[in-house]
Amino acid sequence: MTTMLEPLRRIAAYAVCVDSVDRVLLVRASERSGTPGTWSLPGGAVDHGEDPHHTVVRETAAETGLSVAVAGLHDVLADMRALPERGITIHTDRLVYRVSVRGGSLSDRVDRPTDLARWFTRDEAARLPLRSFTARALGLPASSADIVPDEPPEFPSFYAVPGPDGLHRAQRFAAYAVVTDPEGRVLLTRVSDGYPGAGCWHLPGGGTDYGEQPSAALIRELVEETGQTGRLVGLLGVASHRDAASLGPEGYPIDWHGVRAFYRVVVDQPAPPTVGDVGGSTCEARWFAREELGALPTDRLTEVTAEAVQAAHLT
């Protein structure tokens, strides 16, 4: 039964690479993988502290022999699959990038999780056994043989493990929103005492639950943290930040790596903000006029907030 399998989480980055005649680059899973014979986008797991932009370049080169340049973010999605033969269920947060080839030549691999890399037309790709996330990213019908658990297993929202140097490590995926209302005001939340960034203004949002899509998590967190009902408009980008000795309510240093997708969200009928999760990491929520936001000192904003607000051209 899938409910008896050990739950794991990971973050991964993948490449949508299209050549001059509109063929897409795919790699085949070998017998060493959990889904032998299936085809997927090139890519793989984000190492602790690694920027996903670097992951997709590194993994594509390793799996295909091609050097690529990242052109932009294509999609962010999540999925669960059970691997009974390994005794695990994996939730993967997948960052899918558009890339272009800089050079190199296709090469096959021996005794690796992927063994072939090939170019396919969209029609040819549609007839292949594709991983479900690959079919979605390419806009093709899903034909995956993945075993999907009946329900998400229990998994802690915060999970730290001892690293090779003895310091605890935590890698967490989260979704955040640049939220505006019809008057152009911007909604921010303030970080509670005892949490990293205490006292700074932050974007509404937070860590996603096991089995949860980032967009659904974002709308849920918006209600919990601010009392607002939002409408997702689009994906802005992904931020990756590492704090090698973060100190939070756990009371001991943690080598923290946060990967955060941020979106544009509109609240069509704004209300006075209310914090529903009392005692958590958010102590206040407030609407800011554009000029008020622009007047905030840089050190009053969290790093991801400053990046997202700039990406949304709000300051």
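Begin by selecting strand β1 (residues 6-17) and strand β6 (residues 88-104), which pair in the parallel sense over 12 bridges. Two strands pair if DSSP finds at least two bridges between them; strands (E, at least two residues) and helices (H or I, at least four) are DSSP runs numbered from the N terminus. The model is predicted, so that local features need pLDDT of at least 70 and side-chain atom pairs count only at pLDDT 80 or more, while totals for chains, interfaces and linings use all residues. Residues are numbered from 1 along each chain as its sequence is written, and side-chain values use heavy atoms, with hydrogens and water left out.

Within this pairing, select leucine 8, which stands opposite isoleucine 90 in β6.

Move to alanine 82 in strand β5 (residues 66-83). Alanine 82 is buried, with a relative accessible area of 4% (buried means under 20%, with a 1.4 Å probe and protein chains only).

Now display the largest nonpolar core, which has 29 residues. Such a core is a set of buried Ala, Val, Leu, Ile, Met, Phe, Trp, Tyr and Cys residues joined through side-chain atoms within 4.5 Å. Those with the most contacts inside the core are Val76, Leu95, Tyr97, Phe173, Val179 and Val238. At least two residues of this core come from each of β1, β5, β6, β9 (168-180), α4 (214-226) and β14 (254-266). Finally, select the separate core of 19 residues, including Phe120, Ala125, Ala137 and Leu140.

Note on methods:
Buried means under 20% relative accessible area, exposed over 50%, partly exposed in between (1.4 Å probe, protein chains only).
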